[in-house]
Amino acid sequence: MDDKYVTSSGVSAGIDMALAVVELIHGRSVAEGLAFVSEYVWNDNADNDPFAVN
């Protein structure tokens, strides 16, 4: 996130980003609830990228 802009790259990253925006606006519990009902495992840690090449 950079000031008022939020960007991502890729489908999963876009969902992670959208959940982060929901968290900013509506709070953590709403974002976690949305991820749960969507059956999506939310990766909210940018340092934990299981698809990154080391």
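In this tour a residue is called buried under 20% relative accessible area, exposed over 50%, and partly exposed in between, with a 1.4 Å probe and protein chains only. The structure is a predicted model, in which local features need pLDDT of at least 70 and side-chain atom pairs count only at pLDDT 80 or more, while totals for chains, interfaces and linings use all residues. Residues are numbered from 1 along each chain as its sequence is written, and side-chain values use heavy atoms, with hydrogens and water left out.

**Whole chain**

Begin with the protein in cartoon form. The secondary structure consists of two helices and zero strands; helices (H or I, at least four residues) and strands (E, at least two) are DSSP runs, numbered from the N terminus. The C-alpha trace spans about 35 × 30 × 15 Å along its principal axes. Of the 54 residues, 15% are buried.

**Arg28 and its partners**

Select Arg28, which lies in helix H2 (residues 28-37). Arg28 is partly exposed, at 34% relative accessible area. Leaving aside residues up to four places away in sequence, Arg28 touches Glu23, Trp42 and Asp44, a contact being heavy atoms within 4.5 Å.

Three salt bridges are counted, each defined as a side-chain nitrogen of Lys or Arg within 4 Å of a carboxyl oxygen of Asp or Glu. Which side chain meets Arg28 at 3.4 Å, N to O? That partner is Glu23, a partly exposed residue with a relative accessible area of 27%.

Move to Glu32, whose side chain forms a salt bridge with Arg28 at 2.8 Å, N to O. Both residues lie in helix H2, four residues apart, about one turn of the helix. Glu32 is partly exposed, at 39%.

Then select Asp44, which meets Arg28 in a salt bridge at 2.6 Å, N to O. This pair links distant parts of the chain, with Arg28 in helix H2 and Asp44 in the segment after H2, 16 residues apart. Shared partners join Glu23, Arg28, Glu32 and Asp44 into one network of salt bridges.

**The largest pocket**

Finally, switch to a surface view and select Ala13, Asp16, Asn43, Asn45 and Ala46. Of the 23 residues that line the largest pocket, these lie nearest its centre. Helix H1 (residues 11-26) gives the most to this lining, with seven residues. A pocket is an open set of points on a 1 Å grid over the protein atoms alone, where a 1.4 Å probe fits, with protein on both sides within 12 Å along at least five of seven lines; lining residues have an atom within 4 Å of a point.
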